[in-house]
Amino acid sequence: MTAIDSGIDSLTPVEGVSVTLTDGILSVTIDRPDSLNSVTTPVLAGLADAFEAAARDPRVRVVRFGGAGRGFCSGAGISADDAGDGVPTEIIVEANRLMRAIVALPRPVVAVVQGPAAGIGVSLALACDLVVASDKAFFLLAFTKIGLMPDGGASALVAAAVGRIRAMRLALLAERLSATEALEWGLISAVHPADEFDAEVDKLLASVLAGPAAAFAKTKHAINSATLTELDSTLDREYVGQSILLNAHDFREGTRAFQERRSPTFTDS
């Protein structure tokens, strides 16, 4: 079996995931615009499959990772009804596989954030190598609002970008960070006006496409190895902690309060 046979062409279509390869640019898109691209276990599995296949496909020189419609990713599509039935644990497993696949991919990955990136959507963006955002975008680690902790490697990815104190602020207080503020903090690579965004993304992709692929691969590996030394252990710790929190009263109360548009009453149970 050739690399191409086991690459992008071997992927099984997954509802909610769009994968296309054109002239060296692999576009991987979360295609669930009606929910601002919330992710489910099958969607995360499909995305992970795509990134793992890209690593085996020599035709791929750069990956454009984005969301359909007006959002990047609004987080995981789980609710209080999921608690205790195993679905949340499975979703963390697939999310962690996806994060590892993005970071390990020996090609540059460009996160295209045209709108909200919330919850695990923040992790998905920050796992990429270049994060470009529209001035309409924002970033929100909303986990504590529903009695959870950040996951998808956010504990390491955010801190590696902005430092411990700012990472704590985003994670504990669940504050919305505008794209402009995210750029000032060093969380993302660039911000562009919404009406110029698509053109600027195309320019960036063309620049990466024309660059030295071998040098890019070694550069990515070197920087990630130096700055994300705790990513694997972080994913493991988040899995353990989140698995406990997903089966706790506070998660059920937090999600119900969100759905009912009221403040939650947490009981630390």
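I take axes as lines fitted to C-alpha atoms, for helices over the stretch in contact, with angles running from 0 to 180 degrees between N-to-C directions. The model is predicted, so I note that local features need pLDDT of at least 70 and side-chain atom pairs pLDDT 80 or more, while totals for chains, interfaces and linings use all residues. Residues are numbered from 1 along each chain as its sequence is written, and side-chain values use heavy atoms, without hydrogens and water.

Entry: α4 and α9. I looked up helix α4 (residues 154-162) against α9, and their axes come within 8 Å and cross at roughly 135°. The two helices are therefore oblique to each other (under 35 degrees is roughly parallel, over 145 roughly antiparallel, 65 to 115 roughly perpendicular, the rest oblique). A154, S155, A156 and L157 of α4 meet L231, T234 and E238 of α9, contact meaning heavy atoms within 4.5 Å.

Entry: α10. In this helix (residues 249-259) I find D250, F251, E253, G254, T255 and A257 buried, that is, under 20% relative accessible area with a 1.4 Å probe and protein chains only. Their cover includes α9 (231-246), and after α10 comes R261 with a positive phi near 55°. Helices here are DSSP runs of H or I, at least four residues, numbered from the N terminus.

Entry: cavity. I searched the whole structure and found 1 cavity of 30 Å³ or more, a cavity being a set of points on a 1 Å grid where a 1.4 Å probe fits but cannot get out. V122, F139, L140, L141, V158, L170, L177 and L187 line the largest cavity, lining residues having an atom within 4 Å of a point.

Notes: Buried < 20%, exposed > 50% of the residue type's maximum accessible area, 1.4 Å probe, protein only. 1 Å grid on protein atoms, 1.4 Å probe; cavity = no way out; pocket = protein on both sides within 12 Å on 5 of 7 lines; lining within 4 Å. Points joined across faces, edges and corners; volume = space filled by probe spheres on them.
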